[in-house]
Amino acid sequence: MAVDYTVIVVYLAGMLAMGWWGMRRAKSKSEFLVAGRRLGPAMYSGTMAAIVLGGASTIGGVGLGYQYGLSGAWMVFAIGLGLLALSVFFSARIARLKVYTVSEMLDLRYGGRAGVISGVVMWAYTLMLAVTSTIAYATIFDVLFDMNRTLAIIIGGSIVVAYSTLGGMWSITLTDMVQFVVKTVGVLLLLLPIAVIKAGGFSEMKAKLPTEYFDPLGIGGETIFTYVLIYTFGMLIGQDIWQRVFTAGSDKTAKWGGTVAGTYCLVYALAGAVIGTAAKVLYPTLPSTDTAFATIVKDELPVGVRGLVLAAALAAVMSTSSGALIACATVANNDIWSKLRGAVRRDGGVRDGEAHDEVKGNRLFILVMGVAVICTAIALNNVVEALTVAYNLLVGGLLVPILGGLLWKRGTVHGALASVVVGGLAVVGLMATYGILANEPVYYGLLSSLAAYVIVSLATPATDPAVLAAWRERLAGRGADAEAEAEPAAVVA
């Protein structure tokens, strides 16, 4: 394993080096939080694909393939569909808003007062998303070094927190591009063909496995519907995803770069399912589906290649974790702490006399949130339950007011607040009643959120025409704050 260890150590050292380089680049709030809104198509596509394809998509996707065959691709497939929908229908408008958070968008659309409550829900989602990715470190480090779970979480989490804190979005963007390349080479170009060959090819796989393993709908219609509801719609509204959209250098980059990333996700989904199906042929009686990825990597790949593929798994986990971490810190600082202190005007600027270093403040919040994520990950064990809680809260509480604000001009701030509160409470109550992994919480939570939004919006005065006029100006790319208008026009890659 010495060669494999060397590959991993070099990879981790490279992540820290890029964090140091990013620190020298991030000199303003815009540079630190959204990479100066200057990413070109190549870098934007790579980093967007990297953040949405995390440990759940890689390790979990292979596990679903092991359990269900080709239909195990549906979870990651739903993520790809969501990214495609976001890119084609919404990303250009989102990028033109020149904001930093989803809650800022809600304040612009509804005229204020929606940000803090929606910020709390979004913060809970991004925190749990970062926690699930951090927990996944334990699985990979256990395969690599036979390491204690707590120590693995601390080491892996500390590396992510270090490079994210140093350079913010610039560091995360650079590391995500490397992680995208490593994942592509490790999973698609190496592990996929090797796994199929080791299993005897597709003809041998079909001969040894039940026919339902090759049924595209074998996982079940209700499961597919739930995946689409949670993950496809979750992609449309998550702060971690929107914050990447904000990095695009132009409307076209946001639209077409995201479309390329979404298409890549569909390919990655199918690859994970095929690898899992091959693992079922090679190891028909594994104690847990989640061990399928690690087992086939450890036992079937040659020295050196094994280290690269494990680095690919580590890259998948780190990209999602770092993206969720900076999103969590951005929401905590900009949408909750700053507003509670009364230091932020409606347009997002800082009041006169607030002479604090914004980059230093955001850097501190990443560090604090990073420590909180590591501690929470140590305390929790079940990744699936934590991820389900995160997406249930996100979809049940925020999907309706966000999409309603973009699509229905009659929606009001009172309707938005009612939607967030009713949907969020319904999801929490139904999870307590039916169980965290049940489908009912997100189904009924979303319906109650929609009902509250429509009824309360129609029962309250329409949004001030001046607010709607300002909103339309921002959607058209006009009226953004001075900082955004002053940003350099040059794009990177």
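A: Glutamate 31 and arginine 38 meet through their side chains in a salt bridge, 3.0 Å from N to O. Both glutamate 31 and arginine 38 are buried. The model is a predicted one. By the rule used, four salt bridges are counted.

Another of them joins aspartate 251 to arginine 96, with the closest N and O atoms 2.6 Å apart. This pair links distant parts of the chain. Aspartate 251 sits in helix H12 (residues 251–282), arginine 96 in helix H5 (residues 74–96), and 155 residues separate them. Aspartate 251 is partly exposed, at 28% relative accessible area. Arginine 96 is also partly exposed, at 21%. That value counts as partly exposed because buried means under 20%.

A further pair is glutamate 204 and lysine 208, whose side chains form a salt bridge at 3.5 Å, N to O. Both residues lie in helix H9 (residues 201–208). They are four residues apart, about one turn of the helix. Glutamate 204 is partly exposed, with 32% relative accessibility. Side chains of opposite charge can pair when their charged atoms come close.

Now the cysteines. The structure holds zero disulfides. Cysteine 328 is in none: the nearest cysteine sulfur, that of cysteine 375, is 13 Å away. Cysteine 328 is buried, at 0% relative accessibility. Cysteine 265 is buried as well, with a relative accessible area of 0%.

Last, the nonpolar surface. Leu364, Leu367, Val368 and Val371 make a nonpolar patch of about 340 Å². Leucine 364 belongs to helix H15 (residues 358–379).

Technical notes:
Residues numbered from 1 in each chain as written. Predicted model: local features only at pLDDT ≥ 70, side-chain atom pairs only at ≥ 80, totals over all residues. Heavy atoms only, no water. Disulfide = S-S within 2.5 Å. Buried < 20%, exposed > 50% of the residue type's maximum accessible area, 1.4 Å probe, protein only. Patch = residues over 30% accessible without salt bridge, like charges linked within 9 Å, V, L, I, M, F, W, Y side chains within 5 Å. Areas by Shrake-Rupley, 256 points an atom, 1.4 Å probe, with all protein chains shown as cover. Helix = DSSP H or I, 4+ residues; strand = E, 2+ residues; numbered from the N terminus.
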